[in-house]
Amino acid sequence: MPSKFEKLMNGADGGLALLQVLAENSFDSVLITDASVAGKIIYANKSFKKLTGHDPSKIIGKTPRILQGPATDSNVIARLSDALKSGGKFEGKAINYRSDGTPFIMYWRVLPIKVGKKIIAWVAIQREGSVI
Ligand SMILES: Cc1cc2nc3c(=O)[nH]c(=O)nc-3n(C[C@H](O)[C@H](O)[C@H](O)COP(=O)(O)O)c2cc1C
(Lines give C-alpha, C1' and ligand atoms only; values in the text may rest on other atoms or scores of the structure.)
Protein backbone atom coordinates (compact mmCIF):
# COMPACT_ATOMS: atom_id res chain seq x y z
CA MET A 1 0.00 0.00 0.00
CA PRO A 2 1.46 3.39 -0.95
CA SER A 3 2.33 5.62 1.98
CA LYS A 4 0.67 9.00 2.43
CA PHE A 5 3.89 10.58 1.16
CA GLU A 6 3.90 8.43 -2.02
CA LYS A 7 0.25 9.29 -2.70
CA LEU A 8 0.96 13.00 -2.39
CA MET A 9 4.06 12.86 -4.58
CA ASN A 10 2.44 10.71 -7.29
CA GLY A 11 -0.54 13.04 -7.50
CA ALA A 12 -0.69 15.64 -10.28
CA ASP A 13 2.26 17.99 -9.76
CA GLY A 14 3.31 16.87 -6.28
CA GLY A 15 6.57 15.20 -7.31
CA LEU A 16 7.68 18.13 -9.41
CA ALA A 17 6.83 20.63 -6.68
CA LEU A 18 8.92 18.62 -4.18
CA LEU A 19 11.87 18.43 -6.56
CA GLN A 20 11.76 22.16 -7.20
CA VAL A 21 11.76 22.97 -3.49
CA LEU A 22 14.65 20.54 -2.90
CA ALA A 23 16.76 21.75 -5.81
CA GLU A 24 16.17 25.46 -5.19
CA ASN A 25 16.97 25.23 -1.49
CA SER A 26 19.69 22.59 -1.39
CA PHE A 27 22.89 23.53 0.46
CA ASP A 28 24.73 21.59 -2.25
CA SER A 29 25.11 22.85 -5.75
CA VAL A 30 22.79 21.14 -8.25
CA LEU A 31 23.57 21.17 -11.96
CA ILE A 32 21.49 19.43 -14.66
CA THR A 33 22.54 18.85 -18.26
CA ASP A 34 20.61 17.56 -21.24
CA ALA A 35 20.80 13.88 -22.20
CA SER A 36 23.64 14.11 -24.71
CA VAL A 37 27.10 12.92 -23.65
CA ALA A 38 28.45 16.40 -24.44
CA GLY A 39 25.65 17.67 -22.18
CA LYS A 40 24.57 21.26 -22.21
CA ILE A 41 23.49 22.85 -18.94
CA ILE A 42 19.71 23.18 -18.61
CA TYR A 43 19.50 24.02 -14.87
CA ALA A 44 21.72 25.29 -12.06
CA ASN A 45 20.59 26.29 -8.57
CA LYS A 46 21.56 29.17 -6.26
CA SER A 47 24.17 27.07 -4.47
CA PHE A 48 25.89 26.57 -7.85
CA LYS A 49 26.27 30.35 -8.09
CA LYS A 50 27.60 30.51 -4.54
CA LEU A 51 30.13 27.72 -5.24
CA THR A 52 31.33 28.71 -8.71
CA GLY A 53 30.43 32.40 -9.10
CA HIS A 54 28.57 31.62 -12.33
CA ASP A 55 25.11 33.12 -12.71
CA PRO A 56 22.77 30.22 -13.62
CA SER A 57 20.95 32.29 -16.25
CA LYS A 58 24.24 32.99 -18.07
CA ILE A 59 25.47 29.40 -18.32
CA ILE A 60 22.36 27.70 -19.68
CA GLY A 61 23.39 26.09 -23.00
CA LYS A 62 27.08 25.86 -22.05
CA THR A 63 28.75 22.67 -20.77
CA PRO A 64 30.19 22.06 -17.27
CA ARG A 65 33.62 22.11 -18.94
CA ILE A 66 33.59 25.87 -18.19
CA LEU A 67 34.61 24.79 -14.66
CA GLN A 68 37.81 23.08 -15.83
CA GLY A 69 41.29 24.47 -16.32
CA PRO A 70 45.00 23.59 -16.46
CA ALA A 71 45.16 21.77 -13.10
CA THR A 72 41.98 19.71 -13.61
CA ASP A 73 42.93 16.01 -13.37
CA SER A 74 42.31 14.49 -16.80
CA ASN A 75 42.12 10.95 -15.31
CA VAL A 76 39.12 11.97 -13.22
CA ILE A 77 37.44 13.57 -16.24
CA ALA A 78 38.14 10.43 -18.33
CA ARG A 79 36.42 8.35 -15.63
CA LEU A 80 33.41 10.70 -15.75
CA SER A 81 33.39 10.52 -19.52
CA ASP A 82 33.25 6.69 -19.34
CA ALA A 83 30.32 6.86 -16.90
CA LEU A 84 28.46 9.17 -19.30
CA LYS A 85 29.07 6.83 -22.23
CA SER A 86 27.96 3.73 -20.33
CA GLY A 87 24.96 5.36 -18.64
CA GLY A 88 26.53 4.78 -15.23
CA LYS A 89 27.27 7.05 -12.30
CA PHE A 90 30.33 8.99 -11.22
CA GLU A 91 31.75 10.28 -7.95
CA GLY A 92 35.06 12.07 -7.63
CA LYS A 93 37.02 15.23 -7.00
CA ALA A 94 39.15 17.47 -9.15
CA ILE A 95 40.38 21.03 -9.32
CA ASN A 96 37.81 23.33 -10.88
CA TYR A 97 37.83 27.11 -11.33
CA ARG A 98 35.40 29.79 -10.22
CA SER A 99 34.21 32.42 -12.67
CA ASP A 100 36.97 34.78 -11.42
CA GLY A 101 39.63 32.12 -12.13
CA THR A 102 40.33 31.00 -8.56
CA PRO A 103 40.86 27.24 -8.25
CA PHE A 104 39.01 25.08 -5.73
CA ILE A 105 38.45 21.36 -5.14
CA MET A 106 35.16 20.24 -6.62
CA TYR A 107 33.73 17.12 -5.04
CA TRP A 108 30.79 15.85 -7.03
CA ARG A 109 28.51 13.08 -8.18
CA VAL A 110 26.91 12.69 -11.58
CA LEU A 111 23.87 10.45 -12.07
CA PRO A 112 21.59 9.69 -15.00
CA ILE A 113 17.92 10.70 -14.75
CA LYS A 114 16.04 7.82 -16.36
CA VAL A 115 12.48 7.42 -17.54
CA GLY A 116 12.17 3.68 -18.07
CA LYS A 117 15.51 2.80 -19.67
CA LYS A 118 15.94 6.12 -21.45
CA ILE A 119 18.30 8.71 -20.01
CA ILE A 120 16.53 12.07 -20.29
CA ALA A 121 19.14 14.21 -18.48
CA TRP A 122 22.10 14.09 -16.10
CA VAL A 123 22.20 15.57 -12.63
CA ALA A 124 25.26 16.60 -10.64
CA ILE A 125 25.39 17.24 -6.89
CA GLN A 126 28.43 19.33 -6.07
CA ARG A 127 30.25 20.78 -3.08
CA GLU A 128 33.65 22.15 -2.21
CA GLY A 129 36.04 19.41 -1.06
CA SER A 130 38.83 19.92 1.45
CA VAL A 131 41.57 17.52 0.33
CA ILE A 132 42.40 16.09 -3.06
C1 LIG B 1 25.72 16.70 -15.06
C2 LIG B 1 27.21 16.93 -15.29
C3 LIG B 1 27.92 17.70 -14.40
C4 LIG B 1 29.28 17.93 -14.58
N5 LIG B 1 29.94 18.68 -13.66
C6 LIG B 1 31.26 18.88 -13.80
C7 LIG B 1 31.98 19.59 -12.81
O8 LIG B 1 31.45 20.05 -11.79
N9 LIG B 1 33.31 19.76 -12.99
C10 LIG B 1 33.97 19.23 -14.05
O11 LIG B 1 35.19 19.40 -14.13
N12 LIG B 1 33.32 18.54 -15.02
C13 LIG B 1 31.98 18.36 -14.92
N14 LIG B 1 31.31 17.65 -15.88
C15 LIG B 1 32.08 17.04 -17.00
C16 LIG B 1 32.11 17.77 -18.33
O17 LIG B 1 30.88 18.38 -18.65
C18 LIG B 1 32.44 16.78 -19.46
O19 LIG B 1 31.45 15.78 -19.51
C20 LIG B 1 33.78 16.12 -19.25
O21 LIG B 1 34.75 17.13 -19.33
C22 LIG B 1 34.06 15.01 -20.29
O23 LIG B 1 33.99 15.50 -21.58
P24 LIG B 1 35.35 15.88 -22.39
O25 LIG B 1 36.20 14.66 -22.33
O26 LIG B 1 34.85 16.21 -23.77
O27 LIG B 1 35.96 17.06 -21.68
C28 LIG B 1 29.94 17.39 -15.71
C29 LIG B 1 29.21 16.62 -16.63
C30 LIG B 1 27.87 16.38 -16.42
C31 LIG B 1 27.10 15.54 -17.41
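## Ligand contacts

In this predicted model, a polar side-chain atom of Asn96 lies 2.7 Å from a nitrogen atom of the ligand, a polar contact being a pair of N or O atoms within 3.5 Å. The protein covers 86% of the 630 Å² of accessible area that the ligand has on its own (Shrake-Rupley method, 1.4 Å probe).

Local features need pLDDT of at least 70 and side-chain atom pairs count only at pLDDT 80 or more, whereas totals for chains, interfaces and linings use all residues. Residues are numbered from 1 along each chain as its sequence is written, and side-chain values use heavy atoms, with hydrogens and water left out.

## Shell around the ligand

Among the 16 residues around the ligand, Arg65, Gln68, Asn96, Trp108 and Gln126 come nearest (near: a heavy atom within 4 Å). The shell consists of 10 nonpolar residues, five polar and one charged; Gly counts as polar, and Trp and Tyr count as nonpolar.

Helix 5 (74-86), strand 4 (103-115) and strand 5 (118-128) each supply at least two shell residues. Helix 5 gives the largest share, four residues.

## Sheet

Five strands form an open antiparallel sheet in the order 2-1-5-4-3. Strands are DSSP runs of E with at least two residues, helices runs of H or I with at least four; two strands pair if DSSP finds at least two bridges between them. Strand 2 (41-44) and strand 3 (90-97) stand at the edges with a single partner strand each, so one side of each has no neighbour in the sheet.

Strand 1 (residues 29-34) pairs with strand 2 over three bridges, and Tyr43 in strand 2 is the bridge partner of Ile32.

How values were computed. Polar contact = N/O pair within 3.5 Å; in protein donor to acceptor, adjacent residues only side chain to side chain.
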